[in-house]
Amino acid sequence: MDDPFVGAFVEGVMVKKLKSSILLSIFRRKGGEGLYTEVITDKNKFKYALILSSLKDDEEGLIIYFKNELNWFLLSNQRIVITQQVITTVISNDDIVEVSLDLAGQAEDRIINKAEFTRLIVSDIRNRKHKIQLEKGDPYWGIFQVLSFISQKR
């Protein structure tokens with residue numbers, strides 16, 4: 001199998017980044033786009049220009065869930081950015097160690113059908129757990145699979 005990483009030198013240090021094409025392939029195969037979730041392309045990136053302008057020069061926005069200005073999630077080839085209400089959280093892809101379904105949260109909301117799930121928990125290398133709200137259905141499962149893949153490639 002091909003190496004899923006691309007190497008780059010940043011300040012003299014070799015940094016490995018996951019290939020964008022692999023992450024997008026997983027998203028499309030295991031889930032897909034929805035009403036609020038889409039793969040970022042040349043045709044739609046103008047809608048997210050403000051969010052994408054915060055990316056680093058060598059960073060590529062891949063998938064976005066955009067409910068509104070206060071509730072969105074961005075997956076890039078280097079990190080995830082989560083904005084929920086007025087709180088923004090940034091997690092490097094290299095720092096993601098585990099991704100799990102927020103079963104307790106779903107049960108609290110009396111959601112038992114997996115097709116209705118909207119929340120994930122992302123654990124980082126500092127043992128912090130971050131709850132992420134996403135679009136239900138295919139987008140949820142696609143992002144879950146991509147983040148799980150990222151966590152396994154540490």
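Strands are DSSP runs of E of at least two residues, numbered from the N terminus. By this definition, Asp-124 belongs to strand S9, which spans residues 119-124. The model described here is predicted. Asp-124 is buried, as its relative accessible area is 3%, and buried means under 20%. A side-chain atom of Asp-124 lies 2.8 Å from the backbone nitrogen of Arg-126. When neighbours within four places in sequence are left aside, the residues in contact with Asp-124 are Ile-91, Asp-95, Val-97 and His-130.

The protein chain as a whole contains four helices and 10 strands. Read from the N terminus, the order of these elements is β-β-α-β-α-β-β-β-β-β-α-β-β-α. The chain has 154 residues, of which 46% count as buried. Among contacts with a separation of 6 or more, 43% are made by residues 24 or more positions apart.

An open sheet is formed by five strands in the order S3-S4-S5-S6-S7, with antiparallel pairing.

The pairing can be followed from strand to strand. S3 is joined by three bridges to S4 (residues 61-68), and the two run antiparallel. Within this pair, Glu-38 stands opposite Ile-64 in S4. Further along the sheet, S5 (residues 71-76) and S6 are antiparallel and joined by five bridges. The bridge partner of Asn-71 is Gln-84 in S6. S5 and S6 form a hairpin, and two residues lie between them. S6 also pairs with S7 (residues 87-92), in the antiparallel sense and over six bridges. Here Ile-82 has Thr-89 in S7 as its bridge partner. The hairpin of S6 and S7 has two residues between the strands, and Gln-85 takes a positive phi near 65° in this hairpin. Strand S6 (residues 79-84) has five of its six residues buried, so this strand is largely enclosed by the rest of the structure.

Helix H4 (residues 138-152) lies across S3, S4, S5 and S6, and its direction is at about 45° to S5. The other is helix H1, which covers residues 20-30. The buried residues of H1 are Ser-20, Leu-23, Leu-24, Ile-26 and Phe-27. These residues lie on the same side of H1, because they cover an arc of only 155° around the axis. Exposed residues Ser-21, Arg-28 and Arg-29 are carried on the face of H1 that is turned away from the buried side. After H1 comes Gly-32, which has a positive phi near 145°. Returning to the sheet, S3 and S4 are joined by three bridges. H1 packs on this sheet and touches both S3 and S4, with its direction making about 50° with that of S4.

Conventions. Residues are numbered from 1 along each chain as its sequence is written. This is a predicted model: local features need pLDDT of at least 70, side-chain atom pairs count only at pLDDT 80 or more; totals for chains, interfaces and linings use all residues. Side-chain values use heavy atoms; hydrogens and water are left out. Buried means under 20% relative accessible area, exposed over 50%, partly exposed in between (1.4 Å probe, protein chains only). The arc is that of the directions from the helix axis to the C-beta atoms. A polar contact is a pair of N or O atoms within 3.5 Å; within protein, one must be able to donate a hydrogen and the other to accept it, and residues adjacent in sequence count only if both atoms are side-chain atoms. Contact means heavy atoms within 4.5 Å. Two strands pair if DSSP finds at least two bridges between them. Axes are lines fitted to C-alpha atoms, for helices over the stretch in contact, and angles run from 0 to 180 degrees between N-to-C directions.
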